[in-house]
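Visitor: Please take me through one part of this model in close detail. I would like the surroundings first, then the part itself.

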Amino acid sequence: MNEKIYKTMAVTGAGNIALGIIVLVSGIACGILVIVNGAKILKRKSDIIF
């Protein structure tokens, strides 16, 4: 009985770690894209403002 509980907790823990890494990487990627796009907008600010 204890082995089933241990295996279930191990699989759940590994899944949570993997999900956390995926969320972290996607968050960093989105942040980089936002910064790059913001820099492009600031670069062309004179063209945007009439």
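Guide: The protein chain exposes about 4,900 Å² of accessible surface, and carbon and sulfur atoms own 75% of that. Areas here come from the Shrake-Rupley method with a 1.4 Å probe, and for residues only the protein chains shown count as cover.

A word on the source. This is a predicted model: local features need pLDDT of at least 70, side-chain atom pairs count only at pLDDT 80 or more, and totals for chains, interfaces and linings use all residues. Residues are numbered from 1 along each chain as its sequence is written, and side-chain values use heavy atoms, with hydrogens and water left out.

Now the overall form. The protein chain has two helices and zero strands. Both kinds of element are DSSP runs, numbered from the N terminus: helices are H or I with at least four residues, strands are E with at least two. The C-alpha atoms fill a box of roughly 70 × 10 × 5 Å along the principal axes. The radius of gyration is 22 Å, whereas a compact globule of 50 residues would have one near 10 Å. That radius is taken over C-alpha atoms, and the globule rule is 2.2 Å times the number of residues to the power 0.38. Buried residues make up 0% of the 50. Buried means under 20% relative accessible area, exposed over 50%, and partly exposed in between (1.4 Å probe, protein chains only).

Next, helix 1 itself. Its 42 residues reach 61 Å from first C-alpha to last, close to the 62 Å expected at 1.5 Å a residue. The expected span is 1.5 Å times one less than the number of residues.

Look at Ile28, which sits in helix 1 (residues 2-43). Ile28 counts as partly exposed because its relative accessibility is 49%. Leu24, Ile28, Ile32 and Val36 form a nonpolar surface patch, with about 370 Å² of accessible area together. Patch residues have over 30% relative accessible area and no salt bridge; like charges are joined within 9 Å, nonpolar side chains (Val, Leu, Ile, Met, Phe, Trp, Tyr) within 5 Å. An α-helix has 3.6 residues a turn, so residues three or four places apart point the same way.

Finally, the loop between helix 1 and helix 2 (45-48) holds Arg44. Arg44 is exposed because its relative accessible area is 53%. Arg44 forms a salt bridge with Asp47, the closest N and O atoms being 3.6 Å apart. A salt bridge is a side-chain nitrogen of Lys or Arg within 4 Å of a carboxyl oxygen of Asp or Glu. The structure holds one salt bridge.
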